[in-house]
Amino acid sequence: MGIKTVQRPQKSLKHSLYISALYGGLKTTIKKFTQNISDIDSIPTINYPEQQPSDITSRYRGVHRLTKRADDTISCVACFMCATACPSKCIFIEATQRTDGVDEKMPRTFTIDMLECVFCGYCVEACPCDAIRMDSGIFTLIAKQREDFLYDKEKLLSIKGAFGNEVSNAK
Amino acid sequence: MSIFLTLIPFVLALLFSLAIVPVLVWMERRIAGLIQDRLGPNRCNVGGIRLGGLIQSIADVVKLFFKEEIHPHFIKNRFYYLVAPSLSFIAAFLSFMVIPFGDNYNYDGLNFTLQALDVDLGILWFLGFAGLGVYGIILAGWASSSKFGILGSLRAASQVISYEVAMSLAILSFVISYGSIDFRVMVQAQSETFLWVLPSWGVVMQPVATLILIVTAFAETNRAPFDAAEGESEIVAGYHTEYGAMKFGLFFVAEYMAMAASSALMVTILFGGYNLPYIDSKFMGEHLAFMAMFFVLMSSFFTFVLIRWIKKNNTYSSVSKKESKIYYVLLLGFLGFIALGFTYLVVFQLSSLAIALMQVMTFLLKFIAILFFFIWVRWTFPRFRYDQTQKLGWNLLLPLSIANVLVTAIVVVGAN
């Protein structure tokens, strides 16, 4: 053990004169340039606001939403798993007794502060009821004042999933 | 008319040094974009006319002009802080002024030179002012009392000592082989032939000195791969960290003007200046109609290629069809203007004016090609560390240039 000596490749004259490496680099970039200038449409970028991206998959972590069960009741049972898993502590839940008779608990308020959220997806992984998801496909989050970035329960329930599969998969 | 003709060289010098800066910024951005598989700025427009994104750099210039001037409170020496950007700017501007854009022309018995400053110091003037530009950078970093600034100017200083000797020696070997320091004489020397078939351009006669000169010209203009003084990945923005608004703008413009000046120097001493290969002003005068026809044909070829390119590639949106039509009219109008101008000059036997026009066109074409090369290199190579620059300068370029000067001197003395 001890110090491990890494053999560096011997520098030849060709290497230290730089010429062949410079030529190779210049060739690569000019090839790209001529290829792109002769056919502008081959450039893979899109004209963004007019042309929306088409490569957003169901695994993309967009804006959160709360799901409902098949009988149109909220699937969240206010277990606080998501708020515990959240690294930026931006989920605020107040629990209350369930009135619809489906389960025991439900959230009275469920607020996500989108300005604090880092979109890590831990809440989605922590949720035992498949109640919170990030499959809305929304990647632009815009509001005119700070208060509007606090997404409450009604707002989160109103966001639709972008990839079908609306109903919660739990139970 | 004679006042107008006297003003032409100044107007051309201003056009090629100052007015080309927005065009260069545009070229830089679009070429960078195309090299990196993206488009670059293409939205800014005036009434739907985008000029391929050129409007963006005009908007940037307007923004820099009207921005608030902020002086950081910790700057102790306000005078040096303010004088540094102007120093860079003035040095870059003045170094351009001795470049000849064409041969002398006469009208009505009066003789005019196509050179803004009609001095025969040529290369000495250029080297003097180009070297002065770095002092602006060093002063800026020192005067802005900031660690990033001082690091940037230290790097600039270390770079100066590593390339300037090699550059001077490379230019010296050109001076030896042309036998003059006057740019005009150098250009005339390059219109002859070398080894019976090759044009006696600097690039053919002095390949080693050409390489050294190109490398050191990049170092002298502080452009990639020798932009360690700016080093935005390590030291924020280097010497201009504490500068804002038009004070930064002056540095920005000075960098591009230094690039333009270096390109003009390269055109003049490496690529035959304002002359086409094998052809000098005398030959042009003897075959005036033929040469004018050749230039008009070349212009129509370029216009045709450009129109075809626009037709194929201007598919940005539904309005770009209308925009393309305006470009076609502008291009064809410009072509007609050139053709009419040449016809007028040839028919009325104003041969020296026609020759000057052709030479300015040749110069412009070579000039733009070298500027393209500058931009191409910037978006290809990573930055040299400042000790690598020194190693390159002292260990490789300096011995090579000394050997080259010796060989050149021996060959020139032996040949005479």
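**Entry 1. Chain B overall.** I began with the contacts in chain B between residues at least 6 apart in sequence, and 79% of them join residues at least 24 apart. I count two residues as in contact if their C-beta atoms, placed from the backbone, lie within 7 Å. The model is predicted, so local features need pLDDT of at least 70 and side-chain atom pairs count only at pLDDT 80 or more, while totals for chains, interfaces and linings use all residues. Residues are numbered from 1 along each chain as its sequence is written, and chains are lettered from A and ligands numbered from 1 in the order in which they are written.

I looked up the secondary structure of chain B and found 15 helices and four strands. These are DSSP runs numbered from the N terminus, helices being H or I of at least four residues and strands E of at least two. The C-alpha trace of chain B spans about 70 × 65 × 45 Å along its principal axes. Of the 416 residues in chain B, 42% count as buried. A residue is buried if 20 or more other C-beta atoms lie within 10 Å of its own, exposed if 12 or fewer, and partly exposed in between, with C-beta atoms placed from the backbone.

**Entry 2. Helix 7 of chain B.** I checked burial along helix 7 (residues 183-190) of chain B. Six of its eight residues are buried, so helix 7 of chain B is largely enclosed by the rest of the structure. The buried ones are Phe183(B), Arg184(B), Met186(B), Val187(B), Ala189(B) and Gln190(B). I then looked for what covers these residues and found, among others, helix 5 (123-143), helix 6, helix 8 (202-205) and helix 10 (245-269) of chain B.

Entry 3. Helix 5 and helix 6 of chain B pack at about 170°, with their axes 8 Å apart. I use axes that are lines fitted to C-alpha atoms, for helices over the stretch in contact, and angles that run from 0 to 180 degrees between N-to-C directions. The angle makes helix 5 of chain B roughly antiparallel to helix 6 of chain B. Angles under 35 degrees count as roughly parallel, over 145 as roughly antiparallel, 65 to 115 as roughly perpendicular and the rest as oblique. Residues of helix 5 of chain B in this contact include Leu127(B), Val134(B) and Trp142(B), and those of helix 6 of chain B include Gly149(B), Ala156(B) and Glu164(B). By class I get 13 nonpolar, six polar and one charged. Ala, Val, Leu, Ile, Met, Phe, Trp, Tyr, Cys and Pro count as nonpolar, Asp, Glu, Lys and Arg as charged, and the others, Gly among them, as polar.

I followed helix 6 (residues 147-178) of chain B to helix 15 (residues 386-415) of chain B, where the axes come within 9 Å and cross at roughly 15°. These two helices of chain B are therefore roughly parallel to each other. Their contact has 15 nonpolar, eleven polar and one charged residues.

**Entry 4. Helices 13 and 14 of chain B.** I found helix 13 (residues 320-347) and helix 14 (residues 351-378) of chain B packed at about 150°, with their axes 8 Å apart. They are therefore roughly antiparallel to each other. Gly341(B), Phe342(B), Leu345(B) and Val346(B) in helix 13 of chain B meet Leu353(B), Ala354(B) and Leu357(B) in helix 14 of chain B. I sorted the residues of this contact into six nonpolar, one polar and no charged.

**Entry 5. Arg29(B).** I located Arg29(B) in helix 2 (residues 20-35) of chain B. Arg29(B) is partly exposed, with 19 other C-beta atoms within 10 Å. Leaving out residues up to four places away in sequence, Arg29(B) touches Gly40(B) and Pro41(B).

Entry 6. I counted five helices and five strands in chain A. Chain A has a radius of gyration of 26 Å, whereas a compact globule of 171 residues would have one near 16 Å. Of the 171 residues of chain A, 16% count as buried.

Conventions: Rg over C-alpha atoms; globule rule 2.2 N^0.38 Å.
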